[in-house]
Amino acid sequence: MSESGSALWILGSQFALLNKRLECPRTSSGSTTLLRTWVVFPMPDQDNLDSALETKEARVGVYGDRWVVDLASRTVSPRYWKMASSEVVRALWHVDGKPLPEEDSVAIEKWIEEREAGDASGERSPDYLALPDGKNFVEYQESGDSYVVYGSGIGVYLGPRSPLTRGWPDVPAEFGDSAVPASDLIFCIHGMGEHFWSQPSQQNAGSPGAFVDSVREFRELININHSDGEGRTECIPIVWANIIHEDDTDLVGRVRDITLRSVPLLRSLANDVAADVMFYQSPIYETKIRKGVISSINNAVNEYMAAVDHCGRTKPRVSILGHSLGSVIAYDIVRIQDSDDLPPEFRLTSNMDVHVLFLCGSPLPLFLTCRGVGRSDIVPLANCGRVYNVFNPTDPVAYRIEPLIDPDCKAVNAHHVPFYSGGGGVQKHVQVKSAVQSFAESAYESGVANALIKPVKNLLGFDAEEKKKYSEVVAKIKKLNRSERIDWVLQDSFIESAGEYVAAVASHCKYFGNADFAAFVREKISSDAHSSADESDSIEPAESAESITG
């Protein structure tokens, strides 16, 4: 929407949002900010805000109801996570992108109307206006048919006469989550180290960044090919790091007291990243974290469903996605729901069914191994449709689940997540990499003379006898997971394939920015249980599988 003289602008009903880190839709030019630090709400939210003014509603949901505008204080805050509020203004006139106060815009509009009416009747109108503060003035310049502001005020009014601009360009019309109902709701639970990565100093240093930002990027990717008539997928971050690193001030103080003062960055990594795993394995803090996460999910579900009921829309399906240590927390929460004597504070609201449980970059299999969980007790999960364990091939934190259920699965590769961004299938360099790895492993284990056995098997696949055996093994896994494999591996890029150890450094933090992972999640939540390919016919020998001799 370009600058115009429509009623929206005349009434000063254009809302602008300060804080470019909130939702910031991309304009046609690719920019994520508008006029420096002010961002305009999408038109669907504009309409909701206008309606709220007329009906005198106190709070209005914006950006798909993830944020709430308090009209009395003119502030906007996130609904589902903690963050400082930002200023909201009703603004029509601005100086270099800095909006004038609402009363100033109203005064200017009234003055212009009076001038135009006076000119039409032949009466001479004053060429300047004293703004409500009594210190600043607006002047009409006939030579340029424009308006300037000047005076002794502060802020935008400092200095000589500054040109005034009316209206805000590029109002987002299509970026309107508030206008598109959600068919699926995904709660994303972060892993270890969120308190460390969320520090401003780490974000400025180019770290993975705060989890809220990662989920926002993931939400954009998962809805990027959204079609008209389809419900969008809403992703809500669940942040629990504050339970350990902020809310428990006694714990924070004790950790600070016992921490050595040398090598502060490494100490911070130990306290804010590695220690999260130890805290979760402590009965006291495991309970606190689970209760906090369940409470956050329940509150969000209740608020979201109440808004859905208010609008008369169909309730979305609910899925959970856990990353890293968050995948362990997510699994544990879903796992305990089948307990008859579960205390209310550990129960998901209204015995909520989980449509799909996604685990990414997950150390869960290692946790289950350490706990001594029986192979038959891993899946299926009560009140949960399916489970997917997705990992980057070089992720040092990720483990496979299927061999934990049936040891024979170690001889079968995890199923490849299709290369959605390249048309599907498995990339050639990924296939070549498997053969090269097999050659290196064979040469190391049995000498160069026998080094071609594994890569040839990897390229040609299992023979008929082996294929029959492992098809039955995979069928067992799929029977436990509603006809789907559990372990899925993302395809690394050509550069990542060439340098595994270099790729491993960042691979654990790259899931939410991975377009193929986002497409995989959307496919699995949007359709009935079915595979992306006939997995029985695409079973691949694992690179490290021993040859079958009998």
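**View 1. Aromatic pairing between Trp 111 and Tyr 147 in the predicted model.** Across the whole structure, a search finds 15 aromatic pairs, and one of them joins Trp 111 and Tyr 147 in an edge-to-face arrangement, with 5.7 Å from centre to centre and 75° between the planes. Because Trp 111 belongs to helix α3 (residues 102-121) whereas Tyr 147 belongs to strand β11 (residues 146-151), the pair ties together parts that are 36 residues apart in sequence. Both partners, Trp 111 and Tyr 147, are buried.

**View 2. Arg 115 and the rings of Trp 111 and Tyr 140.** The charged end of Arg 115 sits over the ring of Trp 111, at 5.5 Å from the centre of that ring. The charged end of Arg 115 also sits over the ring of Tyr 140, where the distance to the ring centre is 4.3 Å.

**View 3. An aromatic cluster that includes Phe 211 and Phe 517.** The residues that make up this one cluster are Phe 211, Phe 218, Tyr 511, Phe 512 and Phe 517.

**View 4. Strand β15 and its pairing with strand β14.** Strand β15, which spans residues 232-238, is mostly covered, seven of its seven residues being buried. Arg 232, Glu 234, Ile 236 and Ile 238 point one way from the strand, while Thr 233, Cys 235 and Pro 237 point the other way, and the residues of both sets are buried.

Technical notes
Residues are numbered from 1 along each chain as its sequence is written. This is a predicted model: local features need pLDDT of at least 70, side-chain atom pairs count only at pLDDT 80 or more; totals for chains, interfaces and linings use all residues. Side-chain values use heavy atoms; hydrogens and water are left out. Buried means under 20% relative accessible area, exposed over 50%, partly exposed in between (1.4 Å probe, protein chains only). Helices (H or I, at least four residues) and strands (E, at least two) are DSSP runs, numbered from the N terminus. Two strands pair if DSSP finds at least two bridges between them. Rings of Phe, Tyr and Trp (its six-membered ring) pair if their centres lie within 6.5 Å; planes under 30 degrees apart count as stacked, over 60 as edge-to-face and the rest as tilted. A charge sits over a ring if NZ of Lys or CZ of Arg is within 6 Å of the ring centre and within 35 degrees of the ring normal.
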